[in-house]
Amino acid sequence: MFKPLLISLLTLAALPATAQEVYRFGGDAYMAGDNVTLSGDAVDDAFIVGNTVVISAPVEGSAHAGGRSVSISAPVGNGLYAAGVNVNVAADVGGDAQLAGDTVLVAAPVLGDVRVAAQRVELTGAIGDSALIAAENILLTETISGDASFATKNISFGENARINGTLHLYAKNVEDIVVPEFVVPADRIQRHSEEEFDGGITVDGSNETDMSSGQGWMSWFGGKIGSILTLTVLATIVAYFVPGALMSLRERTLESPFRAIWMGFLAVSALAGALFVLGVTGYGILLAPFAILGAVLLALAGYVIGSYILGVGAVLLVGQPQPATLPERAIAALSGAVAVTILAMLPVVGWPLVVAVTLAGAGALVIRWVAPGFYTEV
């Protein structure tokens, strides 16, 4: 589920050095900048993006943070969602923790479930429920009260390490991994091949994602959160660098939405269809990968632009002004990402609507770049 989030780590690293900008609304905090620190009085929910992110004020609800370095040094009352090259959880988390990065340190108790995707993970705080970890190196020194699922190459245990439930191990040479008896008895260890691991696996080791089970629901929900955060970060970065162009694209789309969708359809279809034309020419087939790449990139750009346009519309609909600052643009991006995600979940009509949003964004971009016209004379 965390693969989409890892994409955001590369984009966040390219954020320019800007002053910290803060927007507070309804008890929530929205922050963006280079070195961002949330301090002072407690907030309901926190949404923070930056190069270095520090949460040192209590968060009574959920905290959402993304950056190169993310540090949680104040309690989070509900869920924690964090992605970064380095993520350090040094304060209590009252709900579940969904974490991704290169190095993830969980040094404080987490009352709910923990899900981590990283290169190196250290669990030195107690886990109140289950743990699902995918990492090359894992260190466990405290208690996991529920079941544990580890996909790894190396595991180390401290003297106080305990797993009260069943341990599911996934590795290339799974039989070579030694687990001390004091951590978990051998009869509560289930060993699986590396290929069997699935981020949506249930705690009983089955491969069915049961929405009624805690792990299955958490995997589904975590995937949605990951997609929303990734789309939000991408749209915010685009809005930061080219705010005027993005607003121009929005105006063009609203002027003629069906023309934008039609142009997007033609452009994506032309790039994808070029595969067959190049194939007919013989040596031209060598250029086919570039045509496919162009179609994918245009569709991705259209998805980001279309979601942002949708988000600006949602912000204006609730009576807020046109986004002018980075936090306001980030809020519009978040609103659009949430709206697109909700649209995708609608039965029957949901996916066609998402495709329409994507094609509208791509079409607006094509119209701005080449200004195509029909029934015109040269």
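Predicted model: local features only at pLDDT ≥ 70, side-chain atom pairs only at ≥ 80, totals over all residues.
Residues are numbered from 1 along each chain as its sequence is written, and side-chain values use heavy atoms, with hydrogens and water left out.

Let me begin with the whole protein. Its secondary structure comes to 7 helices and 16 strands, where helices (H or I, at least four residues) and strands (E, at least two) are DSSP runs numbered from the N terminus. Of the 378 residues, 47% count as buried, a word that means under 20% relative accessible area, whereas exposed means over 50% and partly exposed lies in between, with a 1.4 Å probe and protein chains only.

Now to the two residues. H64 is found in strand 4, residues 63–72, and is buried, with a relative accessible area of 12%. Not counting residues up to four places away in sequence, H64 touches A46, F47, I48, Y81 and L229, contact meaning heavy atoms within 4.5 Å. V114, in turn, lies in strand 7, residues 114–117, and is buried with a relative accessible area of 0%. Leaving aside neighbours within four places in sequence, V114 is in contact with A97, I127, S130, A131, L132 and I133.

Next come the helices. Two packed helices are described by the angle between their axes and the distance between the axes. Helix 6 (residues 326–345) and helix 7 (residues 350–370) pack at an angle of about 140°, with their axes 6 Å apart; axes here are lines fitted to C-alpha atoms, for helices over the stretch in contact, and angles run from 0 to 180 degrees between N-to-C directions. The contact is made by V340, L343 and A344 of helix 6, together with G350, W351, L353, V354 and V357 of helix 7.

Finally, the second largest pocket is lined by 16 residues, of which Y30, V315, Q320, I331 and S335 lie nearest its centre. A pocket, on a 1 Å grid over the protein atoms alone, is an open set of points where a 1.4 Å probe fits, with protein on both sides within 12 Å along at least five of seven lines, and lining residues have an atom within 4 Å of a point. Helix 6 gives the most to this lining, with 4 residues.
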